[in-house]
Amino acid sequence: MTLITLDKQIGKLPKKIKFCKNCVVSNQRPRTDINSDGICSACVWSYEKNYKIDWKIREKELKDLLDKHRKSNGEFDIVVPSSGGKDSAFVAHQLKHKYGMTPVCVTWAPAEWSYIGRKNLEAFTKSGYYTIASIHDGVIHRKLCTLGFEYLGQPFAPFIYGQKAFPYHIANQLNISLIMYGENGELEYGGSTKYKYQSHESPDDWQEFYFKGTTVGKMVDIGYQRGFFKKDETKSEYFKYYKAPDANIISEKKIEMHWFSYFKKWIPQENYYYGCKFTDFRANDFGRSEGSYTKYASLDDKLDGLSFYLSYIKFGLGRASRDAQQDIRMYHITRDEGVRLVQLYDGEFPKKYFQWYLDYLNINEDFFFEVIDFYRNLSNVWEKRGHKWNLKYIVK
Ligand SMILES: [Zn+2]
């Protein structure tokens, strides 16, 4: 079978690879610019975040926003998308206990919870957060994950669709006009700086920034053509939760989303300590995550490891790179330490759940590696010598 991709961003990446001189990211991370001084957009932002932004003014903006939406009758007045992880623990706890809001937390379930992910969500709710969880139609979600793996090089794609869209549906159903997401990932970790000085985006931005140019509708069409979905399955009402509500509804109900990271300095490692203290968050009990040196980020889903591995395949930037980029920017480690950690761990194969990936995606091992090599071949970062693939450049 000839493989094709619907990932619209991979072909747009610069052919000439450049690494940031301050951190370990390269210009292969989509929408990440490296300026004439050799510094990436996320490091430029990090400098501003640490030294230029007046966070007292930003907090005043937050208080004004919350005052506008606060309800005094005990009803929920803010939606907090939450996995039970460290970041949503920070956002929900601050909103409830520091700013007196009444949050309803909203969880879009992973493909399959890891043990620690499930435990953290339970601990989070036990610490006082009413949470509405969308548990998938396992047949449909699984087929979307398989299509995501093949057509986008990202089995996580249906999670990303719903994680963005589902909170809007709950806001609409409960007549809540404010949704508070955690961080503007494009700004914090590298990507578009379109909303550098703005606290919000619109669902119109999702396709380009998060969906690799391909909506769930397109995935369902492909799934139907390929025989993954039967005609009646494609009409399932459940698909609506992978898409934002109609723009007219959002506008009529004046539903707004904002990023907490616009108002409060975003430091992932601090969120980890905060979550441990206030919502009984726990890191991996088996130590560092495969592919990295950390143990507290992106733990919820058994697919997490594969998702990071595919980022390594497509962009040459895996899980250790992602963690080191952030830790360097926040002065937790030096660039030299980051480089060594990337060289040690980035691209470590996620073997812990490998058999589970094959079972869950309903594919065999040969096809798995066929897709991996297809994306290596599309990327700018690999070359094949004989039968062996090598990265063209390694950060140093
Ligand atoms: Zn950088």
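**Exercise 1. Work out whether Lys302 is buried or exposed, then find its salt-bridge partner.**

Step 1. Lys302 has a relative accessibility of 16% and so counts as buried; buried means under 20% relative accessible area, exposed over 50%, and partly exposed in between (1.4 Å probe, protein chains only).

Before going on, note that this is a predicted model, where local features need pLDDT of at least 70 and side-chain atom pairs count only at pLDDT 80 or more, while totals for chains, interfaces and linings use all residues. Residues are numbered from 1 along each chain as its sequence is written, and side-chain values use heavy atoms, leaving out hydrogens and water.

Step 2. The side chain of Lys302 meets that of Glu112 in a salt bridge, 2.8 Å from N to O. The term stands for a side-chain nitrogen of Lys or Arg within 4 Å of a carboxyl oxygen of Asp or Glu.

Step 3. Glu112 is partly exposed, at 31% relative accessible area.

**Exercise 2. Find the partner of Asp7 and say which parts of the chain the pair ties together.**

Step 1. Asp7 forms a salt bridge with Lys314, and their closest N and O atoms are 2.9 Å apart.

Step 2. Asp7 lies in the segment before α1 (41–51) and Lys314 in helix α14 (residues 304–315), so the pair ties together parts 307 residues apart in sequence. Helices here are DSSP runs (H or I, at least four residues), numbered from the N terminus, as are strands (E, at least two).

Step 3. Asp7 is buried at 5% relative accessible area, and Lys314 is buried at 2%.
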